[in-house]
Amino acid sequence: MSYQNYGIRPQLVERVKLKLKNPVVKDKIRQLLGHLTKYDLQDRSKVRKLVKSAAVILQEKLTEAQEEQIVAFVLAQKIDPNNTFHLLKLWGMFR
């Protein structure tokens, strides 16, 4: 399912992808997300906190509605960070 179905704008995704090409920013995000489990990614409060932390690292100002859209998207994907298929599916979605 596409992130656009959740109201997430392609411009936001493109800005974030561009910022993640910076090795320093990419490393900070990797440290933030490196220890997550699939249970963490199904906990609304943890996902909301991660979205806010990532927005600070990326220097993106997100509205409350944008945060909620991103949280809803992450929860709906039922991501398992240890499942390569899930990670490939996400990578393909944001290519």
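Contact is taken here to mean heavy atoms within 4.5 Å. In the predicted model, leucine 62 is in contact with Leu12, Val51, Ala55, Glu67 and Ile70, when residues up to four places away in sequence are not counted.

Leu62 also belongs to the largest nonpolar core, which comprises 23 residues. Together with Ile8, Leu41, Val47, Val51, Ile70 and Val74, Leu62 is among the residues that touch the most other members of this core. Helices α1 (10-19), α2 (23-33), α3 (44-58) and α4 each contribute at least two residues to the core. The largest share, six residues, is supplied by α3. In soluble globular proteins, nonpolar side chains tend to be buried together.

Helix α4 covers residues 64-77. At 1.5 Å a residue, its 14 residues should span 20 Å, and the C-alpha atoms at its ends are 20 Å apart, in agreement with that expectation. Within α4, the buried residues are Glu67, Ile70, Val71, Phe73, Val74, Leu75 and Gln77. Two of these, Ile70 and Glu67, are also contacts of Leu62. After α4 comes lysine 78, which has a positive phi near 50 degrees.

Lysine 46 is located in helix α3. Its relative accessible area is 40%, and the residue is therefore classed as partly exposed, a category that lies between the limits of 20% for buried and 50% for exposed residues.

Notes: Residues numbered from 1 in each chain as written. Predicted model: local features only at pLDDT ≥ 70, side-chain atom pairs only at ≥ 80, totals over all residues. Heavy atoms only, no water. Helix = DSSP H or I, 4+ residues; strand = E, 2+ residues; numbered from the N terminus. Expected span 1.5 Å × (residues − 1). Buried < 20%, exposed > 50% of the residue type's maximum accessible area, 1.4 Å probe, protein only. Core = buried A, V, L, I, M, F, W, Y, C linked by side-chain atoms within 4.5 Å.
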